[in-house]
Amino acid sequence: MSLQETFDILLPQIEADLQEVTRTPHQSLDTYYGMLHYHLGWVDHDLHPVLANSGKRLRPVLCLLSCQALGANLQQAIPAASAVELIHNFSLVHDDIQDASPTRRGRRTVWDIWGIAQGINVGDGLFVLARLALHRLGDRGLSLSRQQAATLALDWACLALCEGQHFDMTFQDRLDVDLDQYLWMIHHKTAALLAAATQLGAIVATDDMKLIRHYFLFGENLGMAFQIQDDILGIWGDELVMGKSAATDIRDKKKTLPVIYVLSQADDRDIAGQLTELYAQPGPLDNSGIQDVLSILDRAGARQYAEEMASSYHHLALQSLEQTGIENVAQSHLCELAVTLMRRTA
Ligand code: GRG
């Protein structure tokens, strides 16, 4: 079975469970749940059914495949798969507010349509629904100790997300962010939840701590590579494919890896100085400022540097999978998915 065929089987199951978990409990709550459903890509902003971009559903797929690779029935991991996806979507709804982003996945963001107060409330609902989704692991016959391990794994990842987001926000006002600080930030903001996704799949399937650790590290390293790739796409990605304007990360002076690389070029003070000067100006950059930054990044070889860094985390991820010693179809799909993600354009 190909990876695409596996996606075609898994995605409807993930979608059905997400719909079940976020079902409107009473007609009087149609508007509130409608906002959640809007973000999840199932209705338009008048709350009419629509087939919109719901995102890649990468985390639940990673969770289910990790469970299956360890020989368990992936149905048992569905509550965990939904939980990670809902946490991810919760964090996106709040991130859009914090970043004042008007678009996500090619559509207006929740706060842009219904306002910040409602947006916060939609995010909060998604967060609680994620935890409620996870609590259903017991209904699928999972032992109490594995349920507890799963809850802890998700909670630690949520805390890491908040910590990473905190640093990401503080970085916006700083020009002295170094590589280690950047790596710590993306580890928490992004890699922690991908690590939790694969870890949760493994926890559902086994008590073997070593194996669980290998799957955790697979998700973690993949998450690092994934975020660096996101940084690259945020600067050089295709506007239409990405669903948001190109180079917005430059306009907003985000401290992404290519930028940090140039700012930390102690041996080329000229190029670092030029970028510092542009980034020290107040407010977002205008088009000519964006072009100047792009040309500096180009001259410094910043894209190549970031691509090499993404590729080294990608190799570490594949190494973690190899160390499990497991060979089966689900395991090959995990490898293939990792390779596909490195070639993604959105
Ligand atoms: C979890 C308690 C708790 C708080 C969250 C807001 C916040 C604190 C964290 C923000 C974290 C964040 C937005 C990280 C970005 C991660 C990332 C690379 C998102 C894009 O992921 P994709 O490409 O998205 O998988 P799709 O659209 O495919 O779902």
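Entry 1, ground rules. I count a residue as buried when its relative accessible area is under 20%, as exposed when the value is over 50%, and as partly exposed in between. I also remind myself that this is a predicted model.

I found Thr 324 in the loop between helix 15 and helix 16 (329–342). I then checked its spacing to Leu 134: the two are 190 residues apart in sequence, and 26 Å separates them in space, C-alpha to C-alpha.

Buried or exposed, I asked myself about Asp 168? Its relative accessible area is 11%, and that is under 20%, so Asp 168 is buried. I also noted a polar contact at 3.1 Å between the side chains of Asp 168 and Lys 189.

Which residues come nearest to the ligand? I listed Lys 56, Arg 59, His 88, Phe 90 and Arg 105, out of the 21 residues around the ligand. For three of these I looked up distances to the ligand. Arg 59 has a polar side-chain atom 2.8 Å from a ligand oxygen. For His 88, I read 2.8 Å between an N or O atom of the side chain and an oxygen atom of the ligand. Arg 105 also has a side-chain N or O atom at 2.8 Å from an oxygen atom of the ligand. Next I looked at cover: on its own the ligand has 760 Å² of accessible area, and the protein covers 91% of that.

I wanted to know which helices supply at least two residues each to the shell around the ligand. They are helix 4 (78–99), helix 7 (144–171), helix 8 (179–205) and helix 9 (209–236). Helix 4 gives the most, with seven residues. Sorting the shell by class, I got seven nonpolar, eight polar and six charged residues.

Entry 6, aromatic rings. I describe a pair of rings by the distance of the centres and the angle of the planes. How many aromatic pairs are there? The count comes to six. One of them is Phe 90 with Phe 127, tilted, at 5.2 Å centre to centre and 50 degrees between the planes. This pair links distant parts of the chain, since Phe 90 is in helix 4 and Phe 127 in helix 6 (residues 116–134), 37 residues apart. Phe 90 is buried at 17% relative accessible area, while Phe 127 has 27% and counts as partly exposed.

I went on to Tyr 261 and Tyr 305. Their ring centres are 4.0 Å apart and their planes are at 15 degrees, so I wrote "stacked". Tyr 261 sits in helix 12 (residues 257–263) and Tyr 305 in helix 15 (residues 302–322), so the pair ties together parts 44 residues apart in sequence. Tyr 261 is buried at 18% relative accessibility, and Tyr 305 is partly exposed at 22%. I also noted one aromatic cluster formed by Phe 167, Phe 171 and Trp 184.

I found the charged end of Arg 107 over the ring of Tyr 38, at 4.0 Å from the ring centre. I found Arg 344 over the face of Phe 226, with 3.8 Å to the ring centre.

Technical notes
Residues numbered from 1 in each chain as written. Predicted model: local features only at pLDDT ≥ 70, side-chain atom pairs only at ≥ 80, totals over all residues. Heavy atoms only, no water. Near = heavy atom within 4 Å. Polar contact = N/O pair within 3.5 Å; in protein donor to acceptor, adjacent residues only side chain to side chain. Areas by Shrake-Rupley, 256 points an atom, 1.4 Å probe, with all protein chains shown as cover. Helix = DSSP H or I, 4+ residues; strand = E, 2+ residues; numbered from the N terminus. Nonpolar A, V, L, I, M, F, W, Y, C, P; charged D, E, K, R; others polar. Phe/Tyr/Trp six-rings, centres within 6.5 Å; stacked < 30°, edge-to-face > 60°. Buried < 20%, exposed > 50% of the residue type's maximum accessible area, 1.4 Å probe, protein only. Lys NZ or Arg CZ within 6 Å of the ring centre and 35° of its normal.
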